[in-house]
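The entries below follow the order in which I checked things.

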Amino acid sequence: MKPLPDLAAVVLWMAGALLSFSATAIAVRELAPALGLFDILAARAAAGVAIVGAVALLRRRPLAARRMRLHLARNLVHWGGNYAWSYGVTLLPLAVVFALEFTTPAWVTLLAVLILRERLTASRVAAVALGFLGVLVVLRPGLAALQPASLVVLAAAVMFALTAVATKALTRTESVLSILFWMNLIQLPLNLVAGRVFPALPVHAFEGHHAVALAVLCIAGLTSHWCLTSAYRRGDAILVMPLDFLRIPLIAVLGWRFYGEPLDPWLFVGAGLIVGGIVWNLAAEARRQAPAAQPERA
């Protein structure tokens, strides 16, 4: 049984992941008129290789991969999911993209039980169920589900679920730095080659605000996975994933603020269901861990 401090660490790492993923989505949308998606993803991967490599060098941490086959499989799937998600961000309202993406926790829960043998508790099931119900309330089936871009984002959700399970498996033998380094190093040439095979014609010239967006992308693209992987090291995948549902209300507010996307009242109903499931699960996890955290009496 995990000690109580790990629960607080999971929440803090996931808060960093939520902010970073939201910043990444806005940066991709800002850059899309000036750069092709593969070029955007290549820049993100190149920055990741440079930053993680520098950190590892300064801290004298080895980056050797003990399970290269799993690294390769994880990153091929993640690369496809990244492209599909980025494509959806350029075409759909941000809240819709994130709502469609959040079928991922249901897949993660199923795969974590079947592959990782994680324990399925009532509160964990409830957190996923309420989160998924919240997504349906936000999206309201039929509103966007038949758009081709929406189907692409749904495919990305399945790929992200497979990536999440592979990431959790890798944390058992690999360091966070190693996982991030090989993620970016494997995906960098894939993006460079794809960008040359499928070149994109920019709609607008690269300007000053695009440089700012590119800097945000390179930083947030790395910190998002740093925070998410660190959360997986400290908690089960079934515990970590429901926290990610909070990205929906957060990105909806950002979409309203930066792009004038309407704030649907149903969004707040769905967000209430999402938050309710998360609070329930966290409270139940804390109760389960509390006896182990209390010192034994003489």
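Predicted model: local features only at pLDDT ≥ 70, side-chain atom pairs only at ≥ 80, totals over all residues.

Residues are numbered from 1 along each chain as its sequence is written, and side-chain values use heavy atoms, with hydrogens and water left out.

**Entry: aromatic rings**

I took Tyr-83 to begin with, and it is partly exposed because its relative accessible area is 30%. I count rings of Phe, Tyr and Trp (its six-membered ring) as a pair if their centres lie within 6.5 Å, calling planes under 30 degrees apart stacked, over 60 edge-to-face and the rest tilted. On that basis the whole structure holds four aromatic pairs. One of them joins Tyr-83 and Tyr-87, which are stacked at 6.4 Å centre to centre with 20° between the planes. Both tyrosines lie in helix H3 (residues 68-91), four residues apart, or about one turn of the helix; helices here are DSSP runs (H or I) of at least four residues, numbered from the N terminus. An α-helix has 3.6 residues a turn, so residues three or four places apart point the same way. I also find that Phe-38, Trp-79, Tyr-83 and Tyr-87 form one aromatic cluster.

**Entry: salt bridges**

How many salt bridges does a search of the whole structure find? I get three, taking a salt bridge as a side-chain nitrogen of Lys or Arg within 4 Å of a carboxyl oxygen of Asp or Glu.

Arg-29 pairs with Glu-261, with 2.6 Å between the closest N and O atoms. Arg-29 belongs to helix H1 (residues 4-31) and Glu-261 to the loop between helix H11 (247-259) and helix H12 (265-293), so this pair ties together parts that are 232 residues apart in sequence. Arg-29 and Glu-261 are both buried.

Arg-196 and Asp-39 form another bridge, the closest N and O atoms being 3.2 Å apart. The two come from distant parts of the chain, Arg-196 from helix H8 (residues 176-197) and Asp-39 from helix H2 (residues 37-59), 157 residues apart. Arg-196 counts as exposed because its relative accessibility is 55%, whereas Asp-39 is partly exposed, with a relative accessible area of 26%.

Glu-174 meets Arg-66 in a salt bridge at 3.9 Å, N to O. This pair links the loop between H7 and H8, which holds Glu-174, with the loop between H2 and H3, which holds Arg-66, 108 residues away. Is Glu-174 buried or exposed? Its relative accessible area is 2%, so I record Glu-174 as buried, while Arg-66 is exposed at 65%.

**Entry: a covered helix**

I looked at helix H4 (residues 94-101) and found it mostly covered, with eight of its eight residues buried. Among them are Val-97, Phe-98 and Glu-101.

Definitions and conventions
Buried < 20%, exposed > 50% of the residue type's maximum accessible area, 1.4 Å probe, protein only.
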